[in-house]
Amino acid sequence: MMTIGDFMPYAPLFSCEASIEEGNIEFTCLVFGVTKKNYKELREQVPMHAKFVVMPMDGYNSFAVSINGAVPEKKGSKGTMDTAKTLAMLGRDKKDAIMSDKKDKPDNGIDGAYKCTAKVLGQKRSCNIIINVDGETSNGVLEVMDESMVYENGTFHNGELEFAIEARGSEFRFNGTVGDGKLNGTVKFGMIRMQVEGERQ
């Protein structure tokens with residue numbers, strides 16, 4: 001749900017696994033009352049009691065759960081928080097810069113654009129990862145789930161690449177190996193884990 005534009009006015013968002021005591025029903029939904037500052041403290045208190053709360057959307061209502069009396073409050077309006085377009089623009093600019101830099105230095109066998117397949121929730125999706133390595137640091141672009149996101153300050157050591165990107169109130173984190181023109185690893189986004197495989201173009 002965190003990737004759907006209608007929810008962006010409520011960002012930053014956290015997801016949770018919840019259950020209804022009567023009926024033993026389990027589900028995943030958004031949770032309010034969690035911030036970056038109190039996340040670790042609250043995580044240690046799980047499981048905890050929460051209440052259902054209504055999220056007024058454009059033309060319909062959704063629901064979430066609330067702790068500590070928090071309520072969903074919009075911080076913007078649909079149409080004024082076009083994060084997807086902004087990230088896509090930044091991603092294109094960064095991609096052009098990275099590919100331009102690559103032309104001015106010798107091929108290290110790692111740098112470049114990798115055309116990948118991401119396996120998520122039983123489905124396959126196309127994605128691209130652009131990598132630029134300088135010593136043991138890396139920067140580039142992750143294009144997945146209709147987003148183009150820039151990453152910086154990634155690490156590359158002994159063929160292992162790791163980077164993280166904060167977007168849409170959560171974090172995309174890649175861990176994997178790169179070498180011989182191949183890329184293999186996982187991208188975690190909240191509670192979603194995607195297996196990623198690709199080849200350098």
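1. How many aromatic pairs does the structure hold? The structure holds 7 aromatic pairs, a pair being two rings of Phe, Tyr or Trp (its six-membered ring) whose centres lie within 6.5 Å; planes under 30 degrees apart count as stacked, over 60 as edge-to-face and the rest as tilted. The model is predicted: local features need pLDDT of at least 70, side-chain atom pairs count only at pLDDT 80 or more, and totals for chains, interfaces and linings use all residues. Residues are numbered from 1 along each chain as its sequence is written, and side-chain values use heavy atoms, with hydrogens and water left out.

2. Phe27 and Phe63 form an edge-to-face pair, 6.0 Å centre to centre with 70 degrees between the planes. Phe63 is partly exposed at 39% relative accessibility (buried means under 20% relative accessible area, exposed over 50%, partly exposed in between, with a 1.4 Å probe and protein chains only). Ring pairs link Phe27, Phe52 and Phe63 into a cluster.

3. Tyr151 and Phe163 form a stacked pair, with centres 3.8 Å apart and 5 degrees between the planes. Tyr151 is buried, at 1% relative accessible area, and Phe163 is buried at 2%.

4. The largest nonpolar core has 25 residues, of which Ile129, Ile131 and Leu183 touch the most other members. Such a core is a set of buried Ala, Val, Leu, Ile, Met, Phe, Trp, Tyr and Cys residues joined through side-chain atoms within 4.5 Å. Apart from this core lies another, of 11 residues, including Met8, Leu13, Val53 and Ala64.

5. Not counting residues up to four places away in sequence, Ile131 touches residues including Tyr114, Tyr151, Leu161 and Leu183 (contact means heavy atoms within 4.5 Å).
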